[in-house]
Amino acid sequence: MAAVLATFRLNGRVAIVTGASRGLGADFAVALAEAGADVALVARGDLAPTAAAITALGRRALPVAVDIGAPDAAGRILATVSAQLGPPDILVNNAGIIRRAAFLEASEADWDEVLNVNLRAVFRLSQGFAAALAARRAPGKIINTASLLSFQGGLRVASYAAAKSGLAGLTRAMANELAPLGINVNAIAPGYMATDNTAALRADPVRQRAILERIPAGRWGAPADVKGAVVFLASAASDYVHGITLPVDGGWLAR
Ligand SMILES: NC(=O)c1ccc[n+]([C@@H]2O[C@H](COP(=O)([O-])OP(=O)(O)OC[C@H]3O[C@@H](n4cnc5c(N)ncnc54)[C@H](OP(=O)(O)O)[C@@H]3O)[C@@H](O)[C@H]2O)c1
């Protein structure tokens, strides 16, 4: 194998992927396993299909059924993974929710739920993960799933835009303090991807057409479109990359 390709290999690494039951997280988890990692899969729903795809690759998969919004979630996830797969080296904070409503009608309950899952849970899990790495003086990688709404305001998604813009800031803040410890913190900003998260947009013919017309690549993204980016940011190939939010958006932000 060419030397540069070897820097993308993840053999012997242990990764945690939140939101791995479906959508982007399932493909992130499989991508990391294809590159050689063992993967802990976190979600509330059925993790068996993702786990089966990983074991079929000859890697270990550990389903961890946890609601990441719970206050004790981070501690439970990190303890379970360390005990059953070994100390984790890679954390992909991908689980996320969206609540759509006009700003004038948006509820505080939705605000709290979105900020709790999309931002506070990332803070908690990243802090626990980085503290464990620091305690054993090990390097590591944190990859957050940001959004185009880390750069833009969007429509009818104020809580989501606030959380994802906050996530880009948290990515930079963590990168500044964790880079000296050998921990890379970066984010991926997927464009408009055909998953459950965007089902409401794709079901609305007017919004669906308006979005599609603005994407230079001429199509909605698929989870497979972000697999290369997560392997890059999880691997030694990105050791000098800190604090970025990398758009994988078919050119949307270039318009
Ligand atoms: N689709 C897009 O166009 C797009 C664009 C930009 C960014 N994103 C971001 O990409 C990430 C993945 O989105 P997706 O499109 O793949 O969404 P999705 O298909 O709705 O999947 C969301 C995942 O997050 C998990 N999850 C949600 N709340 C959770 C909780 N409280 N505890 C544990 N797991 C939880 C879900 O698992 P369970 O329901 O089984 O718990 C599921 O695995 C999100 O952060 C999203 O904001 C998506």
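**Exercise 1.** Determine the handedness with which α2 passes α3, and describe the packing of the two helices.

*Solution.* Step 1. α2 passes α3 in a right-handed crossing; a crossing is right-handed if the near helix is turned clockwise from the far one by less than a right angle, and left-handed if anticlockwise. Helices here are DSSP runs of H or I with at least four residues, strands are runs of E with at least two, and both are numbered from the N terminus.

The coordinates are those of a predicted model, in which local features need pLDDT of at least 70, side-chain atom pairs count only at pLDDT 80 or more, and totals for chains, interfaces and linings use all residues. Residue numbers start from 1 along each chain as its sequence is written.

Step 1. Two packed helices are described by the angle between their axes and the distance between the axes. The axes of α2 and α3 (residues 48–55) come within 9 Å and cross at roughly 15 degrees. Axes are lines fitted to C-alpha atoms, for helices over the stretch in contact, and angles run from 0 to 180 degrees between N-to-C directions.

Step 2. α2 and α3 are therefore roughly parallel to each other. The classes are roughly parallel under 35 degrees, roughly antiparallel over 145, roughly perpendicular from 65 to 115, and oblique for the rest.

Step 3. On α2, residues A26, A29, V30 and A33 meet T50, A53 and I54 of α3; contact requires C-beta atoms, placed from the backbone, within 7 Å. This contact comprises six nonpolar residues, one polar and no charged. Nonpolar covers Ala, Val, Leu, Ile, Met, Phe, Trp, Tyr, Cys and Pro, charged covers Asp, Glu, Lys and Arg, and the others, Gly among them, are polar.

**Exercise 2.** Characterise the packing of α2 against α9.

*Solution.* Step 1. The axes of α2 and α9 come within 9 Å, crossing at roughly 55 degrees. That angle makes α2 oblique to α9.

Step 1. The crossing of α2 and α9 is right-handed. Its contact residues are D27, F28, A31 and L32 of α2 with K227, V230, V231 and A234 of α9. By class, six are nonpolar, none is polar and two are charged.

**Exercise 3.** Identify which elements each supply at least two residues of the shell around the ligand.

*Solution.* Step 1. Of the 29 residues around the ligand, G19, G23, G45, G96 and N197 come nearest.

Step 1. α2 (23–34) and β2 (38–43) each supply at least two residues. α2 gives the most, with three.

Step 2. By class, the shell divides into eleven nonpolar, 14 polar and four charged residues.

How values were computed:
Near = placed C-beta within 6 Å. Contact = placed C-beta atoms within 7 Å.
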